[in-house]
Amino acid sequence: MTAVRTSHSAIALLDPSADNWKLAILVGIAATILAVLALPANATFWVVGAAVALVAAAFVVNAYRKRYYGGLLVAPAIAVLFVMNIFPLLWSLGLSFFAYQSNQQSIRFVGLNNYIKVLTNDIAAPANWDALINTGMFVVCTVAAQMITGFLLAMLFAKQFPLRKYLLILVLTPMMLSVVASGVFFTYYFDPTFGILSYAMGEITGQQFILMDNKAGAVTGIVFADAWMWSPFVMLLVLAGLVSVPKYLYEAAAIDRVSKWRQFWTITFPYIRGLLMLALLFRTIEAFKLYDLVYILIRGGQDTKTIAYLIAEIANEQNKTSEGAALSYVILFMVIVLTNLYLYLANRRNQGA
Amino acid sequence: MTVMTKMKTFATAAGFAATLLVGGASMASAEEVTLTMAVPDWPPTRILKKFFDEQYKPKSGNTVKLEVDFIPWPDFYTRVNASLTSGEQKYNFIVSDSQWLGAFVEGGYFRKINDLLEADPEFMATFKTIHPNPLNAYSTYPHKTENYYGFPQFPDVLVNYGRQDILCHEEEQKNFQAKYSKKLPCTGEELDAMTWDDFRNVGEFFMRKKGDMLAGKPAEDDFYGISYQAGKGYDFSSMQINGFIWQMGGDTWDETKAPKGQAEGVVNSPEAVKALEKYLDMIQFMPPVAKTGTMDIFVSDQLFREGKVAMNIDWIGLGEASLAPDSKVKDKLVFGQMPGTMGADGKMIRWSNIGGQPFVLTTWTTDSQIKEAVDFVKWWLSSDIQHQFAAGGGQSAVKAVYEDPKYVTYRPWNRAWAPQLDWQKDVWHVPQFFELLTQQQDQFDLAITGKQDAKTTLDNIAKFQQDKLKESGLIE
């Protein structure tokens, strides 16, 4: 039986049919090697691209003939994901092992040197660690502010009251505005000469009030602006949980004269816990990438540079592409570890409950 | 059948690749030439586009289209840098900031223009009548050699914007005289004669709270003495601080002395530290936003236009906005040269960091595009258009134009233009400039927001520059 199969696949390997993906891979590898050896880098790029397309096409035809339609249906999504996401990711991972600057034509393999530099260099490393600590601080502050505000807003809007519909739309508006628009709005809001905040504080205390002239003030300003934009997102998720709690549970609890506090923890909370966890996960991942508000409000001044800010500065402005890539991968690694840790803890709790 | 399928697959892949390859190249025909241009969004480039649309007739008879991307200043470098380094080859023609030359010449993006100049002796002659300081800053790389890359688009210097209604008020004049035993500068000539100490006095003198008397009336709001750039973004503090350092006998790292010239010991010399201290000392007399490190050239300009300060040092390029209908100070303006430092011989030292931008051509621009671009630049630098540009709020660095007696009558700040040209220097043009600049801006920001003193700041900058430039082989 095995012998038959081997001989069958041996024939199939050289059979130039459209679904012979093994042959396609061989041809692709051969073409790639030849191109790398013989052609200039620009042409090689396209030859490799064509080889990948060839293999992909063979897979598609193979799936079609084997009637593997499920695979075919997700194929477009996978293709887009590969082109837009996986390929650039792998490409930048490759770049992080080279000395490459996007404004220079030379490229040289340096192994782990970029990683060593971002973690240990006496100029680069302290800046990276500072930015990482700032990022951690922003993650904790912004996520906490959004979760609390969003949760309280949801509790408010779960009840019926006059004008609720219109107020809800108003509260949701910040989420729909572009970050740049909100950022510019807040620069005026916080401005010591033209801004209403300094005006109001000045009227109350009689002293000139400058919010962003120290780190605490600058962080408060950024956290406030971020919470203003993203609390509605948390609110929406929690609100969805709140309205899904069946009314009869509360009625039963009321008959049993259960206190409001107890009602919340034993009836409401279990329903919204999953959604709260989801909101927490989304907002934490987003908060790790905080760049826009720091840039617009204070340009990374008052020691508020986050790691995303630093990467943008290194990779996009100073053109140190491979160093930026290495730093990005260090952060990616941290985020993956943290996210998995979080998911593990969340699952264990669920099982314990 | 199977062979057919395979052929088809291959053809599709190849076709796709070919489309992508060809898509980047331009499709210019003989009759219609399109020039795609990246420019910062502000009055001097808006005027350029307006002149082109209204007046420009190509000599060749071709239809020339100028597609202009107006990019806001704070993001201008990032956007152009991203476009050039990504290899999209979008722009033929860029209004580049002068410091960028090294980075983009070494990257292979900016085209050398010596051959274009040599092919046209008449054009070369015009080119050579441009004042040498702007010419060196905008065109040469390595700095001050005869390798040309840019044609001046808009030359710029820092000038002193003053509020005539307040400075010339009798009561204020009297009080200032009593306090400092010196006349409060009020006319353009008096502004020209100011030193930084006088500027500081003006700052101290005009700090008023809401309700205090200001020029005979109670102030409607808090009023501040002075302002100049002290922001963390782009180059919005270095451009002012360099002037202080050069005037007071200090120096920045000099690229023309590479590889012998050092950064340590030069950048943080005692003179430079003193100059930075003087710069920092005046921040107390500025609107409070300066303490947050976001006082860039646009913020200080806006504060001045909103009538919050008595004097503001800013680029001429923003001058047009102060005359605009929505400016609260449009009919109360007086302009003078940037304050200087009195030398030991009693002569004023006026070193200042040059502003302004050249046009540059990119290396992928085709011959027909180059021809049209050069024709356009020749037209732009012709005497008639340069006069119109100056009359519309621009400036000219062409000698015959700015020496014309008519020149000073166009705009109130033009009188401060020609005398300052001899005193202009530029910051580094080396490929590492942006790293040097961001580190320096970060350090200056720490000093401006009161986190560290002038000495530490310059020591940190000097050490960074020494290491960085040694690593790049620019310091031995």
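Predicted model: local features only at pLDDT ≥ 70, side-chain atom pairs only at ≥ 80, totals over all residues.
In chain A, domain 1 covers residues 2-95, and domain 2 covers 118-352. Five residues of domain 1 of chain A and four residues of domain 2 of chain A take part in the contact. If you take the centres over C-alpha atoms, these two domains sit 43 Å apart. And how many salt bridges does the rule find across this interface? Zero, between domain 1 of chain A and domain 2 of chain A.

Now let's turn to where the two chains meet. Chain B and chain A bury about 3500 Å² between them, with carbon and sulfur atoms giving 57%. Chain B brings 41 residues to this contact and chain A brings 39 residues. Here the count of salt bridges is two. One that you can look up on screen joins E435(B) to K320(A), and their closest N and O atoms are 3.0 Å apart.

Next, the inside of the model. The largest nonpolar core has 146 residues. Which residues have the most contacts inside it? They are F110(B), F206(B), Y279(B) and F359(B). And where does this core lie? Domain 1 of chain B (31-156 + 355-423) and domain 2 of chain B (158-353 + 430-471) both give residues to this core, so it lies between them. There is another core apart from that one, with 35 residues, including A287(A), F288(A), I307(A) and I331(A).

Look at how they point. G355(B), Q357(B), F359(B) and L361(B) go one way, while G356(B), P358(B) and V360(B) go the other way, and all are buried.

So what does strand 16 of chain B pair with? With strand 4 of chain B, residues 150-156, there are six bridges, and the two run antiparallel. Strand 3 of chain B pairs with strand 16 of chain B in the antiparallel sense as well, over three bridges. F359(B) turns up in both places: F151(B) stands opposite F359(B), and F359(B) is also the bridge partner of V95(B).

Last stop is I94(B), which you'll find in strand 3 of chain B, residues 93-95. Buried or exposed? I94(B) is buried, because its relative accessible area is 0%, and the cut-off for buried is under 20%. Not counting residues up to four places away in sequence, I94(B) touches A38(B), V80(B), L84(B), F110(B), P358(B), F359(B), V360(B) and T362(B). So, for I94(B), you can see F110(B) and F359(B) on that list, and both of those are also among the residues with the most contacts in the largest core.

How values were computed:
Residues numbered from 1 in each chain as written. Chains lettered and ligands numbered in written order. Heavy atoms only, no water. Helix = DSSP H or I, 4+ residues; strand = E, 2+ residues; numbered from the N terminus. Buried < 20%, exposed > 50% of the residue type's maximum accessible area, 1.4 Å probe, protein only. Contact = heavy atoms within 4.5 Å. Core = buried A, V, L, I, M, F, W, Y, C linked by side-chain atoms within 4.5 Å. Domains from an automatic or database assignment. Pairing = 2+ DSSP bridges. Salt bridge = Lys/Arg side-chain N within 4 Å of Asp/Glu carboxyl O. Buried area = accessible area lost by both parts, 1.4 Å probe.
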